Amino acid sequence: MWVRSTMAYRTSFLIMTLGNLLATGLDFVAIALMFTHIGQLGGFTLDEVAFLYGTTSVAFGLADLTLGSMGRLGRRVRDGTMDTLLVRPVPILAQVAADRFALRRLGRITQGAVLLGWSLSRLDIDWTVDRALLMPVMLLSGGAIFGALFVLGGAFQFWAKDASEVQNAFTFGGTTLLEYPPTVFGKELLRGVTFVIPLAFVNWLPALYILGRPDPLGLPARIGFAAPLVACGCCAVAGLAWRAGLRAYQSTGS
Amino acid sequence: MRLYAAVAVSGFKRYATYRVATVAGVFTNTVFGFILAYTYTALWDERPHLGGYDLAQALTFVWLGQALLAAVGLLGGGFEEELQERIRSGDIAVDLYRPVDLQTWWLAAELGRALFQLLGRGVVPMAVGALVFELRMPASPLTWLWFLLSVALAVCVGFAVRYVVSLASFWLLDGTGLSMLSGLLCLFFSGMILPLNVFPGQLGEIARALPWAAMLQVPADVFLEEHRGAGLLAAFVFQAGWMVVLLAAGRVLQSVATRKVVVQGG
């Protein structure tokens, strides 16, 4: 339904998709501009940063495409329209996900995929079987980790009601963080996103293995292979939080 | 005039009621501030005095960006979505019958909102940044005054840009796409992702001449005391010039749109 409704405003849809495609790349342009002044950032070349950027963008794009509407949940809780979802015989999570589903979000995945392809064509990677396997695994589990964050953020809205900004700090903030090499950041921050909120498993740790670089925290090289496990863990936590949130939901009462 | 003052006050109060949202916003700005501050440190380590800034100035730029993000509306937000929704639903017809000027009304509300966001979402991230990193604070107390003036102009330019974008909804019906595009352009060309003086060659010159430069780059340079004397005056003229041009453009667009609405409404 939302796909058709978007198509009703065809000009707007075209502008949106094109705009999304071009403009989501602007932050990569900014990174490329940085590299007009420097050869390496944190010891990483532009090609390697493009690899990090592309993998984050695709993973985030996957999560945003399916669950990006979670940010809107706070408004539904505030104005009481959440109730409509509760009485329908469809899983609530599916309804919230489909709410204002926007095809234009494909723009980000496309942009990420293009950059990823570009970086792969320039990087000289030693393609062993496990590295080739790790690529799709990394993208999918990365998407799942971001997706779990979206759901966690949504569950948090049942209590906080209008704090979608906190969610932005982890999702959009997370992508910004993962676009840059881990060596740029302080050790405390790295520990935080490895062990507390496991963002590092979205792309950093698998990508370091693929690129054949050591982890700045000194973790074993093959730790990246734990990404699917971490993703499952995140989804389990998010699922529990979502159910607790639904149970805590009180309508506006008006 | 009293009416518009009242609108501005209600704009302030309206955003002041969303306390959780404000705290959440402060949190987000702080997180982003840290991420950018780390990357800038790596960048300035490789190339000290990049774009004429030393590291302390570059880090100050980062935190100023976070402090002004909500107030100047660098990511959009504020009145934009509401105005577009009113245009889409047709409620705008009611607004046009009211004996107030539409543009001034929304500008007044926006100024009230901006003042709250500057206090609510600007001060804390800046203070956190100043505690953790070594920032460059103004040497002269007068600079604070100039900075506030420059921020006020930046808010007006930001409003004017988004007003024009919102009015495009009259023709596009669903303006979310355009707003998003304008928001992303704004992030890039305001200097939010990378200061404009780091942009190379021709691109840098163009970027510094565009209205978005008036929204972050200029106020930040005023704060960093990069503009002095005549240069300071030129900076204000640059901001005020874009403000006047864009507000006028909004006005023209508004009157064209109004005529269109009357025709449609019969």
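1. Helix α10(A) passes helix α2(B) in a right-handed crossing. This is a predicted model. The two helices, residues 164-179 of chain A and residues 19-46 of chain B, pack at an angle of about 10 degrees, and their axes are 8 Å apart. Since angles under 35 degrees count as roughly parallel, α10(A) is therefore roughly parallel to α2(B).

2. Which residues make this contact between α10(A) and α2(B)? On the α10(A) side they are A:Glu165, A:Val166, A:Asn168, A:Ala169, A:Phe170, A:Phe172, A:Gly173, A:Thr176 and A:Leu177. These meet B:Ala24, B:Gly25, B:Phe27, B:Thr28, B:Val31, B:Phe32 and B:Ile35 of α2(B). Sorted by class, the contact of α10(A) with α2(B) has 10 nonpolar, five polar and one charged residues.

3. A second pair of helices also joins the two chains. Helix α3 of chain A (residues 26-34) packs with helix α9 of chain B (residues 176-189) at an angle of about 15 degrees, the axes being 9 Å apart. That angle makes α3(A) roughly parallel to α9(B). The crossing of α3(A) and α9(B) is right-handed. From α3(A), the residues in contact are A:Leu26, A:Val29, A:Ala30 and A:Leu33, and from α9(B) they are B:Leu184, B:Leu185 and B:Phe188. Seven of the residues in the contact of α3(A) with α9(B) are nonpolar, with no polar and no charged ones.

4. For the interface as a whole, the contact takes 39 residues from chain A and 37 residues from chain B. About 3,400 Å² is buried between the chains, and carbon and sulfur atoms give 75% of that area. Of the area that chain B buries against chain A, 15% is supplied by B:Ile35, B:Tyr38 and B:Phe188, more than by any other three residues.

5. Over all chains, a search of the whole structure finds 12 salt bridges. One pairs the side chains of B:Glu85 and B:Arg88, at 3.1 Å from N to O. Both B:Glu85 and B:Arg88 lie in helix α4 of chain B (residues 79-89), three residues apart, about one turn of the helix.

6. Within chain B, the axes of helix α3 (residues 55-72) and helix α6 (residues 102-132) come within 7 Å and cross at roughly 155 degrees. Angles over 145 degrees count as roughly antiparallel, and α3(B) and α6(B) are therefore roughly antiparallel to each other. The crossing of α3(B) and α6(B) is right-handed. Residues of α3(B) in the contact include B:Trp63, B:Leu64 and B:Leu68, while those of α6(B) include B:Leu118, B:Arg121 and B:Met126. By class, the contact of α3(B) with α6(B) has 10 nonpolar, five polar and two charged residues.

Note on methods: Residues are numbered from 1 along each chain as its sequence is written. Chains are lettered from A and ligands numbered from 1 in the order in which they are written. This is a predicted model: local features need pLDDT of at least 70, side-chain atom pairs count only at pLDDT 80 or more; totals for chains, interfaces and linings use all residues. Side-chain values use heavy atoms; hydrogens and water are left out. Axes are lines fitted to C-alpha atoms, for helices over the stretch in contact, and angles run from 0 to 180 degrees between N-to-C directions. Helices (H or I, at least four residues) and strands (E, at least two) are DSSP runs, numbered from the N terminus. Angles under 35 degrees count as roughly parallel, over 145 as roughly antiparallel, 65 to 115 as roughly perpendicular and the rest as oblique. A crossing is left-handed if the near helix is turned anticlockwise from the far one by less than a right angle, and right-handed if clockwise. Contact means heavy atoms within 4.5 Å. Ala, Val, Leu, Ile, Met, Phe, Trp, Tyr, Cys and Pro count as nonpolar, Asp, Glu, Lys and Arg as charged, and the others, Gly among them, as polar. Buried area is the accessible area (1.4 Å probe) that two parts lose on being put together, summed over both. A salt bridge is a side-chain nitrogen of Lys or Arg within 4 Å of a carboxyl oxygen of Asp or Glu.
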